[in-house]
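Please look over the sequence and the structure shown here before reading on.

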Amino acid sequence: MNLKSLLASAAVALTTAGAAYADDPTKVGFVYVGPVGDGGWTYEHNIGRLAVEEEFGDKVETVFVENVPEGADAERVMTQMALEGADLIFTTSFGYMDPTINVAAKFPNVKFEHATGYKRADNVSTYSARFYEGRAVQGHIAGKMTKTNKVGYIASFPIPEVIRGINSAYLHASKVNPDVEFNIVWVYTWFDPTKEADAAKALIEQGADVILQHTDSTAPQAAAQEAGNVITFGQASDMAEYGPFPRVSSIIDNWSPYYIDRTRAVMDGTWESVDTWDGISTGMVGIGEITDAVPADVKAEALAMVEAMRAGEYHPFTGPINKQDGSAWLADGEVSEDGPLLGMNFYIEGVTGDIPQ
Amino acid sequence: MLKLEKRPEPSRLWTAITPVIAVLATMVFGGLLFAALGKDPFVAIRTIFYDPLFSEFAWFYRPQLLIKGAPLILIAIGLSLGFRAGIWNIGAEGQYIVGAICGAGVGLAFYPAESWFIFPAMIIAGAVGGFLWAMIPALLKTRFGTNEILVSLMLVYVAEQLLASMSLGLLKNPDGFGFPGSRNLQHYPSAHNAEIISGWGIHWGVVAAFIAVIFAYVLLARHVLGFQIKLTGESPRAAKFAGVNPTRLVVVCLGLSGALAGLAGLFEVSGPAGQISIDFNVGYGFTAIIVAFLGRLHPVGILLAGLLMALTYIGGEIAQSNLGLPSAAIQAFQGMLLFFLLAVDVLTNFKIKFRNERVA
């Protein structure tokens with residue numbers, strides 16, 4: 001055993017001894033990739049943190065560090081939180097995956113929760129949300145409402161989560177409007193208002209009158225508002241300040257119930273490593289208010305779809321669906337299993353362009 | 001009324017003490033900023049400057065200072081040579097990225113073979129990658145007279161696109177379920193830039209940074225190239241008469257700074273970061289510019305400035321986590337440091353005179 005791990009375990013022993021006192025609050029750490037004021041992804045995780053404080057009051061202490069780059073810096077921040085006595089640490093970006101696993105190995109008594117990853121350990125859980133359910137609703141509204149039949153899509157990184165969203169939105173848009181075309185722009189960032197605004201403006205100039213975004217800032221909303229005849233959807237957060245038009249609905253990440261559950265599990269000593277992938281049914285994915293800018297019949301159909309997903313009666317990826325190259329993926333009535341969705345690296349039939357390599 | 005009068009030559013005294021004044025002024029005004037945010041300024045300043053060095057967990061933070069500071073120092077040393085000669089390489093971030101890609105690429109090409117020569121080969125590839133990327137602005141400048149500031153800066157964005165493409169394509173981990181990012185070199189012993197003594201934070205990049213400091217010191221103090229660099233910076237006309245070849249100097253300065261930035265990228269990707277990913281670069285190449293000036297373009301000054309900058313990063317994170325300070329406040333704090341440095345820099349080159357003194 002080397003010096004570092006010896007010292008680390010000594011520190012762990014100290015912190016766990018500290019946690020044994022009944023009065024000692026449970027310390028929960030949050031590592032954020034963006035600023036808490038981004039209005040999107042990190043903002044919603046921070047709402048979850050505040051909900052944990054609200055729920056447990058004095059029994060919990062929360063800490064967070066924002067704007068943490070993925071890689072060595074993330075590892076240092078997590079280690080620092082663990083050393084300072086955190087009992088549970090939420091690491092809220094895909095790029096924190098390897099750092100989370102590394103730090104977790106050094107602090108076996110601290111619990112870690114990594115968002116959107118696939119690597120787990122005895123003290124590392126993973127959690128994510130089925131955002132593609134929300135994309136299905138957006139696709140439906142977009143397909144019905146577009147007049148130019150051009151939908152602009154601001155995509156972040158070509159990872160399965162984003163590709164899944166594109167496929168789900170396209171599938172449901174093309175179902176109600178076979179002429180619809182998706183124009184996809186890859187911006188390679190989760191949060192960069194300048195790049196997002198540029199992408200939105202370029203898409204609008206090319207004739208798109210619906211903008212879907214898989215990035216976290218409200219810049220595309222502002223660009224659409226300026227254009228005047230373009231509709232958008234809030235991403236990660238409600239972005240209600242841009243409603244009722246251009247923002248006509250939204251996907252809201254609601255992490256609060258999950259964060260409260262997991263914090264309680266640590267307090268009770270019942271915490272176990274799990275892989276959670278929840279959607280509309282548990283409330284992890286929320287659909288923001290569909291405004292009156294959407295025609296009443298379209299709104300009713302969209303709400304019916306939400307209800308069907310909530311009740312578990314409808315799965316957005318239900319066959320027949322072919323892959324982009326025309327080969328069969330799902331037979332008529334066949335519902336996709338989670339495996340192919342989690343590793344999704346292909347477009348479905350009708351989506352144009354290639355996934356960047 | 002105050003009047004500035006240019007000194008015949010920069011004051012040695014002020015050159016030495018302006019960084020100290022800048023740090024003190026940053027502490028005072030940073031403290032006011034923290035107080036305005038409702039935090040105890042003394043606790044905040046202590047958390048940033050004292051806790052990483054002497055608190056309960058200093059045994060963890062001290063090695064982290066070396067890990068965070070080493071790439072800054074390595075890059076800044078290279079930049080300082082060019083800056084002294086009036087050759088402005090602003091694109092170290094791009095050279096850092098390309099060095100990391102080339103180095104990691106060589107390592108991954110051998111995966112999963114284990115051999116002693118893989119890591120040295122990666123080091124060479126990293127340096128060569130950074131060198132070649134810096135040769136683009138160097139050759140464009142010497143051949144066509146383009147501005148190296150613009151070209152090197154723009155190449156950062158090209159390098160970022162290259163990085164994204166590598167993470168998604170050529171270097172993508174085949175066992176990564178389609179997610180972007182290369183294999184983690186930390187799990188590949190022959191390519192892993194591990195700590196030389198466990199728990200000390202000293203990996204090969206830290207060693208390279210110290211060697212670079214000594215190398216630059218000797219170069220500037222003893223070598224004819226160092227003399228040419230200093231002479232060109234102080235008086236380009238005199239340098240010409242002394243037989244300095246400006247073309248050669250541009251190539252050497254940009255090449256050296258590119259190679260060192262490439263090395264920094266290689267040591268980072270094979271060690272602390274572990275993998276090529278889309279967001280691999282976190283701004284070391286730009287921060288190193290601040291470090292170079294904070295260190296007065298002097299090798300020993302850069303060593304201290306790099307460690308100080310690392311201290312504000314690490315202390316800043318502790319302050320965020322323990323005191324709830326927003327990260328924007330920490331960034332403003334770091335910005336103040338450069339601002340005050342440049343502001344008090346005036347005293348190095350100018351004397352302050354009172355007007356009535358002159359009248360009398």
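The lining of the largest cavity is made up, by class, of 6 nonpolar, 2 polar and 2 charged residues, where Ala, Val, Leu, Ile, Met, Phe, Trp, Tyr, Cys and Pro count as nonpolar, Asp, Glu, Lys and Arg as charged, and the others, Gly among them, as polar. This is a predicted model, in which local features need pLDDT of at least 70 and side-chain atom pairs count only at pLDDT 80 or more, while totals for chains, interfaces and linings use all residues. Residues are numbered from 1 along each chain as its sequence is written, chains are lettered from A and ligands numbered from 1 in the order in which they are written, and side-chain values use heavy atoms, with hydrogens and water left out.

Rolling a probe the size of a water molecule over the atoms shows where empty space is left. On a 1 Å grid over the protein atoms alone, a cavity is a set of points where a 1.4 Å probe fits but cannot get out, a pocket is an open set with protein on both sides within 12 Å along at least five of seven lines, and lining residues have an atom within 4 Å of a point. Grid points are joined across faces, edges and corners, and a volume is the space filled by probe spheres set on the points. The whole structure holds 6 cavities of 30 Å³ or more, and the largest cavity has a volume of about 120 Å³. Its lining includes A:Val33, A:Trp41, A:Thr116 and B:Phe179.

Most residues other than glycine have a negative phi, and most peptide bonds are trans. A:Thr116 is placed in the loop between β4 and β5 of chain A; helices (H or I, at least four residues) and strands (E, at least two) are DSSP runs, numbered from the N terminus. A cis peptide bond joins A:Gly319 and A:Pro320, with omega about 5 degrees, and A:Pro320 is found in the loop between α10 (296-310) and β13 (321-322) of chain A. In chain B, a cis peptide bond joins B:Tyr111 and B:Pro112, with omega about 0 degrees, and B:Pro112 lies in the loop between α5 (92-110) and α6 (118-144) of that chain.

Contact here means heavy atoms within 4.5 Å, and axes are lines fitted to C-alpha atoms, for helices over the stretch in contact, with angles that run from 0 to 180 degrees between N-to-C directions.

Helices of the two chains also meet: α3(A) and α4(B) pack at an angle of about 170 degrees, with their axes 11 Å apart. That angle makes α3(A) roughly antiparallel to α4(B), as angles under 35 degrees count as roughly parallel, over 145 as roughly antiparallel, 65 to 115 as roughly perpendicular and the rest as oblique. Among the residues that make this contact are A:Asp73 and A:Arg76 of α3(A) and B:Trp59 and B:Phe60 of α4(B).

The open spaces come last. About 1300 Å³ of space lies in the largest pocket, which is lined by 49 residues, with A:Val33, A:Asn67, A:Pro69, B:Asn281 and B:Val282 the closest to its centre. Its lining divides into 22 nonpolar, 14 polar and 13 charged residues. The second largest pocket has a volume of about 1200 Å³, and α14(B) gives the most to its lining, with 5 residues.
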